[in-house]
Amino acid sequence: MSALWQALQQQAAEPFSLRQAFSADPERANRYRVDACGIELDYSKNLIDAKRWQSLLQLAAQSDIVALRQRMVQGEAINHTEQRAVGHMRLRLPEQALQQLDDASVVSEIRQCRQKMTALVNQLHQQSYLGYSGQPIRDLIWVGIGGSLLGPQMACEALSPFNKSPVSIHFAGNIDGAVVHDLCRSLQPETTLVVVASKSFGTEETRQNALTLRQWFLDQGADQAAIARHFWATSSNIQAAADFGIVPEHILPMWDWVGGRYSIWSAIGLPLALQLGNEQFDQFLAGAYAMDQHFLSADAASNMPVILALLGVWYINGMGCQSQALLPYNHYLRLLPSYVQQLDMESNGKQVDHQGQPLPCATAPVIWGDAGTNGQHAYHQLLHQSQLVIPADFILAAKPQHGLHDHQLRLAAHCFAQTQALMQGKTVEEAKAECLAQGMSEAAASALAPHKASPGNKPSNTLLLPELSPYYLGALLALYEHKVFCQGAIWQLNSFDQWGVELGKQLSGPIYQALNGKSSVFDSSTNALLASLQRHLTSSENA
């Protein structure tokens, strides 16, 4: 462990009071505040002072952030375990910047993909794309899993007030049969388009759902020509998609230099482009591009992704925090915590460094949260009064997408009050005085005060967006992408592979075969669970 890491841990052990910090420094809120792409970050309610912050900035300077960032931009295979470049930032380049890329084939592929997406969106919006019975398409089922689903589903929910599409969008991800079962009950094949999103076209959940939907078409009288008309794919396995029945002109590309959790900017963003229309989807890309430019050009002290990354490292490695709350005070952002869960935990939930050596410290936190103000009546109790220190990001869009002005003011008041309460808390003496002011006796006030007191000194960030528009959502998602990148660089790990998800997939195959009657012996717990499940299934079949 370096001397700087040791100094940071020593500083973390020193007493620190947010109350006293704000009282001693009237300029603290301005000192720890930064703007980027129209988004304001107030990070003054963190357990930092000038000495701690300078140490963290030194950590950034000594890390691989700048060098690794440059290698990423240059197209080097920084995902070294899979020998892949990391090029998702290319996908949000405007045309003029796209022309400056050195790789002409990549430029051509990106352009062709954009043109194909634009044409399909226009056809669906104009209702000129007709199904096999001659009726226009009215519903689209997006079949994917993980990054191929979480991104477009979250973004479509977040930007639903901007919906301009005559086509309703539905998502099928979970292999649980209830998902496609319910969709098939409510939709008509002749007016439904199905898009299968799978790089390999072999992901079990996606393939099984796609096969079930294809059978639904066939059961309703559709022929192979109708399947070819109604099924599209975004995949890199052209042959597998063709074997399924999807014609080549209905296949949008996926590239090995774009990871699933970074793919919303690619053809995986088709549902969002369909919902918004092409011009607004371009604004979504423009917001992300603006954040890219900020990340690439701003110095560490004013670089919003770097700041968020350093604060996260400070709490995980300096103070032993194991989780982080992501609290959007916006109904439409309620799926954002799930999206960032994958982005952060799949990227940096690792145990070894670039050389395969065990990491000397913890890495990614457990990300969780929900839309405010719902959480205030659930888990905020733990945030305020438990002994745990759980850093929290509060996100608020200033301008709402509705005309209920007083609702917005009350929502903002709750958001700001939560960060204030977490910071300052309430002492036992303050709680007792409050009880006495309410007319309680001395004895009753003394007895109740400890229960009403809150320790405070709980850290939080506040991100204020002018509004939740395509542009600002794009910037917000890129902000969290770059934050995760910076933390991976500091921890010296590969943020772009995900080998940990493979083992469960490998083991599910033999277990599935055992459930279909093939004899296999597993551990005693798995054997017992298999026997119990078979017993339940047999009893339901005989009922």
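Okay, let's start with Leu529: this residue is exposed, at a relative accessible area of 57%, where exposed means over 50%, buried under 20% and partly exposed in between, with a 1.4 Å probe and protein chains only. Before I go on, this is a predicted model, so local features need pLDDT of at least 70 and side-chain atom pairs count only at pLDDT 80 or more, while totals for chains, interfaces and linings use all residues. Residues are numbered from 1 along each chain as its sequence is written, and side-chain values use heavy atoms, with hydrogens and water left out.

Back to Leu529, which sits in helix H23, residues 524–542. Helices here are DSSP runs of H or I with at least four residues, strands are E runs of at least two, and both are numbered from the N terminus.

Now the inside. The largest nonpolar core has 120 residues, and Trp53, Leu336, Leu473 and Leu476 have the most contacts inside it. Helix H21, residues 470–491, gives the most to this core, with 14 residues. By core I mean buried Ala, Val, Leu, Ile, Met, Phe, Trp, Tyr and Cys residues joined through side-chain atoms within 4.5 Å. There's also a second, separate core of 24 residues, including Ala233 and Ile251.

On to H7. Its buried residues include Val106, Ile110, Met117 and Leu124. Among the elements that the buried residues of H7 pack against are strand S6 (231–235) and helix H14 (278–297). How far apart are the end C-alpha atoms of H7? They're 33 Å apart, which agrees with the 33 Å that its 23 residues should span at 1.5 Å a residue; the expected span takes one less than the number of residues. Just after H7, Gln127 takes a positive phi of about 60°.

Definitions and conventions:
Contact means heavy atoms within 4.5 Å.
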